[in-house]
Amino acid sequence: MDESYNNRMSLVKGAKDIAKEAKRHAAKKVSKIVNRATEEYSSQRNYSQFQNEDKDNDYTRTANDEDGEHYASDATEGHDDEDEIYEGEYQGVPAYTDRKPRDGQDSLGQPVSDSLRDRKELELERQADEEELAQQYELIMQECGHGRFQWQLFFVLGMALMSDGVEVFVVGFVLPSAETDMCVPNSGAGWLGSIVYLGMMVGAFFWGGLSDKVGRKQCLLIAMSVNGFFSFLSSFVQGYGMFLFCRMFSGFGIGGVVPIVFPYFAEFLAREKRGEHLSWLCMFWMIGGIYASAMAWLIIPHYGWSFSMGSAYQFHSWRVFVVVCALPCVCAVVALTFMPESPRFFLEMGKHDEAWMVLKQIHDTNMRARGEPEKVFTVNRIKLPTHLDELVEMQSDSSNPVGQVLFMIRTELRGIWLTFMSCFNYPVKDNTIKLAFVWFTLSFGYYGLSVWFPDVIHHLQSDEYASRVKTHNNEHTEDFTFNFTLENQIHTNGVFVNDRFISMKLKSVTFIDSTFQNCYFDDVSTVGSLFKNCTFVEAFFYNTDIDDSKLVGSRVINSSFHHNKTGCQMTFDDDYSAYWVYFVNFVGTLAVLPGNIVSALLMDKIGRLSMLGGSMVLSGISCFFLWFGTSESMMIFMLCLYNGLSISAWNSLDVVTAELYPTDRRGTGFGFCNAMCKLAAVLGNLIFGSLVGITKTIPILLASAVLVGGGLVGLRLPDTRGHVLM
């Protein structure tokens, strides 16, 4: 009895020993297979290896399946409760297409929580995946070639960038007319320029960050639609407050163009084409400036291009100009709907099939244009980067649509903020700080001087205009009819008795210490005209714009006012100064054409950093020639010289910024830098504008210092020439 019992126990013990030994050998063999696959995966691979991995995966998967079945059957023979976990170890191995374990699994395929894995190891793994994807993506873009598809996208995005250039110039051209038309007091003047740039600053940061979350194309479409809608709306509103509101949101929409357009286009270009074609794209900003200057020149001075509905609704020529300037934005929105999303963004989001379809579209479009439609797109599988798990706030079940919208907005804003903070993590922290400084200094000098140049020219024109003023002292007229225009005159101690002022205009006319007795005023419009310390006795005013704001310190005795004109009267009849301002901006914008051509041709030859630093330093040095700007012609020449030298810095800075940031932060980083640019524009406008007519020393020294300092910092940036997009 005891002997048979001992025999049975020996058999059981032997079975357990056999099972444990089989388990040890099986785990050892599977571990060797996985390690060998990982080493092969981590080694340097060429493009042909990317194409053949599917076959390798099939072979590896078959071997793993056979080994798994064999080890499972051997190991489960005679197992007991202590070995229950062993049977499930190999039954749960999934069939995966990559030769390394899936994200969130160990080497044997078992799920592992991110909280149990080393976060730093996951980040290093993702970084390695990004580097591998960058190399493969570059090879794919080379296979797709550069042809019809890129040129189509070039012109579509060029229209979008042209809209940004138009928006910047619209502010300066519309500002004087809008403030005059809407009777804006001096205390409110200048708000239009600042509010638009502030809207662009917020829009650059918001849309740039959102493009890294929902896509380049979608964000660009929404941003430009916002710009187009509020641009059209602003041309019809009558109140200055509502006009500011519309232009602010118009700026908010257009602020997303630059941070999206350059990363978007860069992700469709191969390494050897990127610098040159991004520089050619910058030319559309110049074309936008030329378009705005030409339209302002043709439309705004023509006062007859306006209509009114009574005295309450006025639609002057500057409003027609605003509508015309919104047309490039509308064209860009329509054309952009036919363009695909960036395949690089799709890959970053883990959307392999969508990215492959876009890449195939690029390849087939270019091959058909080359006359090689039979050429096959040979890419079968594209590397996807490892995704790190993040804490996601779950929405409680709610049928309230407002709550759902607020939750979605809060979630997107939180994602944008987290992505923005990652721009200050290693290894892009130093690059972000340097880029922000270069953007700020270049923008501060450029926009500051761009405001200062026209204001100085206008100041010189005003001095010349004032020098031609006609002065009339102690004049006496009686029973005379004034039915013509009086301009640039000063009447002192005049006496007007029984005179009639009918259908006439007063432009820059001032009456001082004059007396009007039994005078009749009918359909009189005034621009820049005042009555100082004058006396009106039994005067009659009908359909005029003469009110308390024009009667400074004057006395009105037994006089009556009927059907006064509402709103401010504006006219450009025979006003050649308006034509001159638009012509100056037109010539200054056209002067950047040689710089654009030179920067595009030399961007990949002398390098981005050499062009960036050299252009900013030369621009700073050219500011010292402003000491000799004592005439209009000399100031125009200085404006053209400065614009021609600085444009190369702008082009190279756009290229460097698009290439330095990785794909998951490219829009956010570009948006932050562009927001700093708009902030500098606001400060530059305020500081340089306040110094017009006071001194030349401070603007010259300030512009030179910031431009040279920014150029020296720009030389410290990493050189991205020849690098692949990370």
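Visitor: How far apart are the closest N and O atoms in the salt bridge that Glu267 forms with Arg216?

Guide: A salt bridge is assigned when a side-chain nitrogen of Lys or Arg lies within 4 Å of a carboxyl oxygen of Asp or Glu. For Glu267 and Arg216, the closest N and O atoms are 2.7 Å apart. Glu267 lies in the loop between helix 10 (257–266) and helix 11 (271–299), and Arg216 belongs to helix 8 (residues 216–234), so this pair ties together parts that are 51 residues apart in sequence. Helices (H or I, at least four residues) and strands (E, at least two) are DSSP runs, numbered from the N terminus.

Visitor: On what kind of model do these values rest?

Guide: This is a predicted model, in which local features need pLDDT of at least 70 and side-chain atom pairs count only at pLDDT 80 or more, while totals for chains, interfaces and linings use all residues. Residues are numbered from 1 along each chain as its sequence is written, and side-chain values use heavy atoms, with hydrogens and water left out.

Visitor: Is Glu267 buried or exposed?

Guide: Relative accessible area decides the class: buried means under 20%, exposed over 50%, and partly exposed in between (1.4 Å probe, protein chains only). Glu267 is buried, at 0%, and Arg216 is buried as well, at 1%.

Visitor: Which residue of helix 22 also pairs with Glu267?

Guide: Arg666 and Glu267 meet through their side chains in a salt bridge, at 2.7 Å from N to O. Since Arg666 lies in helix 22 (residues 666–690) and Glu267 in the loop between helix 10 and helix 11, the pair ties together parts that are 399 residues apart in sequence. Arg666 is also buried, with a relative accessible area of 0%.

Visitor: How many salt bridges does the structure hold?

Guide: It holds twelve salt bridges. One of them joins Lys550 to Asp545, with the closest N and O atoms 3.6 Å apart. Lys550 counts as buried at 17% relative accessibility, and Asp545 is buried at 5%. Elsewhere, salt bridges that share partners link Glu138, Arg274, Asp604, Arg608 and Glu659 into one network.

Visitor: Where does the side chain of Ser619 make polar contacts?

Guide: A polar contact is a pair of N or O atoms within 3.5 Å; within protein, one must be able to donate a hydrogen and the other to accept it, and residues adjacent in sequence count only if both atoms are side-chain atoms. Ser619 sits in helix 20 (residues 608–622) and is buried at 1% relative accessibility. Its side chain reaches the backbone oxygen of Ser615 at 2.7 Å and the backbone nitrogen of Ser646 at 3.4 Å.

Visitor: Which residues is Cys423 in contact with, leaving aside its neighbours within four places in sequence?

Guide: Contact means heavy atoms within 4.5 Å. Cys423, in the loop between helix 16 (401–422) and helix 17 (429–467), is buried at 1%. With those neighbours left aside, Cys423 is in contact with Val428, Lys429, Thr432, Tyr661, Arg665, Thr668 and Gly669. The C-alpha atoms of Cys423 and Gly669 are separated by 6.5 Å, although these residues are 246 apart along the chain.

Visitor: How many helices and strands are there in the protein chain, and what share of its residues counts as buried?

Guide: The protein chain contains 23 helices and 16 strands, and 50% of its 726 residues count as buried. Among its contacts between residues at least 6 apart in sequence, 68% join residues at least 24 apart.
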